[in-house]
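Please look at the sequence and the structure before reading on, and keep both in view while you work through this briefing.

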Amino acid sequence: MQKTKIVRKELPARGTREAAVSSDALVQIRPLREGEPLPLLITPTVAGVSLVEWAASHRDLIQSHLHTHGGILFRGFAVDLLQEFETFIAAVSNGALTYEERSSPRSQVRGNIYTSTDHPASQSIFLHNEQSYNLSFPLRILFACVTAAQSGGATPIADVRAIYQRLDPAIRQKFIEKQYMYVRNFGDGFGLSWQEAFQTDDKARLEEYCRTNGIDVEWKGENRLRTRQIRPAVARHPVTGELAWFNHATFFHISTLDAATQTALRAAFDDEDLPNNTFYGDGTPIEPEVMETLRSLYEEATVRFTWQVGDVLMLDNMLTAHARDPFVGPRKILTGMADPCSWEDVRSV
């Protein structure tokens, strides 16, 4: 995967008032809600403005706003999402990426465009930064609304710069020093199979991928696998230089699941055998009160909006976490990832 070229630049402070209309007068740029910088809303001022064409000619403007606000909602443009979403991603980035080292069930729609998740509609998905547990992860993640749910189904978002800043310095420092460990177990009848997660049924190929990507492999049986990977919890954005709480420590921790699911899993497995769980990087448990603090900070930073058909949401994956609310009725949200970056480029210490 070719990494994105990193160029640092000075950016305006977050919350800076945006110009009401861009220089070409085709769009209006403003916060979705007054006083809340996330997400920034860009809408056309006249009918028939092509999102792909406008974005291609204003790529630098989009990137600047994205680095300031963390997320942009494009609404009201002329766009055929099923046909043009991947083209739009190419217009604002270096092109859509394949979905590797998977943790969520998704279906491929076309090219490198996928359903946002095939997780059951009745369940929530907690806030996370896409693939922060990988050595290489996307700097951009984009969503597009083809069908809005009858009710619910929001994609909550949260500024993880704010979470880093609000977190107790003692907790923050402990994670910086110890990092965190993500443990996965495959082949026990829960979650993705290792074949689906790593997109191969060849054990040798899986083991080579894991060696290359800093993942420890332990075969527990013919088709039962445990993996462990230690990753940082804090990252420094490669362009803005800001520190962000960028990890999956809360997302994959057993205590973040709903009470009924926790009870069922704990009755079936020891902590180390759970389908997903996280620990400090030395393997010791993360304290319950620390996990509760982290979940509270995510919730405090969360912003929600109601999807409208034709909406496109572009997030800086290092600055903004995303989630999914339960929903009723048909819902089709597409997703694509772009601009690979390595932990080597963003380590904070």
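Predicted model: local features only at pLDDT ≥ 70, side-chain atom pairs only at ≥ 80, totals over all residues.

How many of the residues of E17 are buried? Strand E17 is mostly covered, with five of its five residues buried.

- Eight strands form an open sheet of mixed pairing, and their order is E1-E2-E3-E17-E7-E20-E5-E4.
- Strand E1 (27-33) and strand E4 (108-110) each have a single partner strand and stand at the edges, so one side of each is left without a neighbour in the sheet.
- On average, and with direction ignored, neighbouring strands of this sheet are turned by 30 degrees against each other.

**Strand E17 and its partners**

- Val312, Met314 and Asp316 point one way from E17, while Leu313 and Leu315 point the other way, and all are buried.
- Strand E3 is joined to E17 by four bridges, and these two strands run antiparallel; here Leu73 has Leu313 in E17 as its bridge partner.
- Strand E7 also pairs with E17 in the antiparallel sense, over five bridges, and Ile141 stands opposite Leu315 in E17.

- E1 and E2 form a hairpin with two residues between them, and Gly35 in the turn has a positive phi of about 85 degrees.

- Two packed helices are described by the angle between their axes and the distance between the axes.
- For helix H2 (residues 59-69) and H3, the angle is about 85 degrees and the axes are 9 Å apart, which makes H2 roughly perpendicular to H3.
- Arg59, Ile62 and Gln63 of H2 make this contact with Ala90, Ala91 and Val92 of H3.

**Helix H9 and its two sides**

- Helix H9 (residues 288-301) has 14 residues and reaches 20 Å from its first C-alpha to its last, which is close to the 20 Å expected at 1.5 Å a residue.
- Which residues of H9 are buried? They are Val290, Met291, Leu294, Arg295, Leu297, Tyr298 and Ala301.
- Seen down the axis of H9, these buried residues fall within an arc of 160 degrees, so they line one face of the helix.
- An α-helix has 3.6 residues a turn, so residues three or four places apart point the same way.
- On the other side of H9, Pro288, Glu289 and Glu300 are exposed.

**A buried histidine in a loop**

- His248 is found in the loop between strand E14 (243-245) and helix H8 (259-268), and it counts as buried because its relative accessibility is 1%, where the cut-off is under 20%.
- When residues up to four places away in sequence are not counted, His248 touches His128, Asn129, Glu130, Gln131, Ser132, Tyr133, Tyr180 and Thr278.

**Backbone features to look for**

- Most residues other than glycine have a negative phi, and most peptide bonds are trans.
- Gln179, although it is not a glycine, has a positive phi of about 60 degrees; Gln179 lies in the loop between helix H5 (169-178) and strand E10 (180-186), and at 22% relative accessibility it counts as partly exposed.
- Gln199, which is not a glycine either, has a positive phi of about 55 degrees; Gln199 is found in the loop between helix H6 (194-198) and helix H7 (203-212), and at 40% relative accessibility it counts as partly exposed.
- Leu38 and Pro39 are joined by a cis peptide bond, with omega about -10 degrees, and the place of Pro39 is in strand E2.

Methods. Residues numbered from 1 in each chain as written. Heavy atoms only, no water. Expected span 1.5 Å × (residues − 1). Buried < 20%, exposed > 50% of the residue type's maximum accessible area, 1.4 Å probe, protein only. Arc of directions from axis to C-beta. Pairing = 2+ DSSP bridges. Axes fitted to C-alpha atoms, helices over the stretch in contact; angles between N-to-C directions. Parallel < 35°, antiparallel > 145°, perpendicular 65-115°, else oblique. Contact = heavy atoms within 4.5 Å.
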